[in-house]
Amino acid sequence: MASRLISILKIFGPRAARTADNPNSWATISLWRRFFQIKEEEEKEEQSMIEEIYQSIYPKEKLRPIESDNARQMRQEETKAAHRAATIPRAEIQHQAPAPQPTPVERQQNAMRQAREQQILQRPDLAVAINGNYTTLAQ
């Protein structure tokens, strides 16, 4: 009986539950590496399928109109025009666009403004009292 108890204890004892040693770390890493490679391949396949569908719906020119030949040519022309405008002297630019002629109303306003300036500068109004005293012209 005692021998049977000892044999049962050996079977169910703490040493009986011993498992194999930890697996090799290189083996664990290789398993995970393979797992991630498979995931990447699936993602790439899915992305390529989406791109194919998108390309079939929208042609390349509609995806990026700025890359079309027409847009590229227009950008080059605009750059050349801006460069030309930057190299032309300012005097030439002023001679190219004549000044607009004043309207009759503007001419009358200018004349009245000049007359008022002449009156203030050459014939000042001395009848204005300042602190109860009138001023005179300097001799």
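Which residues make the nonpolar surface patch of about 420 Å²? A few friendly notes follow.

1. **Ground rules.** This is a predicted model, in which local features need pLDDT of at least 70 and side-chain atom pairs count only at pLDDT 80 or more, while totals for chains, interfaces and linings use all residues. Residues are numbered from 1 along each chain as its sequence is written, and side-chain values use heavy atoms, with hydrogens and water left out.

2. **The nonpolar patch.** To take up the opening question, Ile53, Tyr54, Ile57 and Tyr58 make this patch, about 420 Å² of surface. Patches take residues with over 30% relative accessible area and no salt bridge, joining nonpolar side chains (Val, Leu, Ile, Met, Phe, Trp, Tyr) within 5 Å and like charges within 9 Å. Accessible areas come from the Shrake-Rupley method with a 1.4 Å probe, and for residues only the protein chains shown count as cover. Ile57 sits in helix α2, which covers residues 25-57; helices here are DSSP runs of H or I with at least four residues, numbered from the N terminus. With a relative accessible area of 53%, Ile57 is exposed (exposed is over 50%, buried under 20%, partly exposed in between).

3. **The acidic patch.** Negative charge gathers on the surface at Glu40, Glu41, Glu42, Glu43, Glu45 and Glu46. For the counting, Asp and Glu are negative and Lys and Arg positive, with His and the chain ends not counted; each charge is placed at CD of Glu, CG of Asp, NZ of Lys or CZ of Arg. Glu45 belongs to helix α2 and is exposed, at a relative accessible area of 53%.

4. **The salt bridge.** The structure has one salt bridge, defined as a side-chain nitrogen of Lys or Arg within 4 Å of a carboxyl oxygen of Asp or Glu. Arg72 and Asp69 form this bridge, their closest N and O atoms being 3.3 Å apart. Both residues lie in helix α4 (residues 69-87), three residues apart, or about one turn of the helix. Arg72 is partly exposed at 36% relative accessible area, whereas Asp69 is exposed at 61%.

5. **The aromatic rings.** There are three aromatic pairs in the structure. Phe35 and Phe36 have ring centres 5.4 Å apart and planes at 65°, so this pair is edge-to-face. Rings of Phe, Tyr and Trp (its six-membered ring) pair if their centres lie within 6.5 Å, and planes under 30 degrees apart are stacked, over 60 edge-to-face and the rest tilted. Phe35 is partly exposed at 38% relative accessible area, and Phe36 is partly exposed at 47%. Ring pairs join Trp32, Phe35 and Phe36 in a cluster.

Key:
Helix = DSSP H or I, 4+ residues; strand = E, 2+ residues; numbered from the N terminus. Buried < 20%, exposed > 50% of the residue type's maximum accessible area, 1.4 Å probe, protein only.
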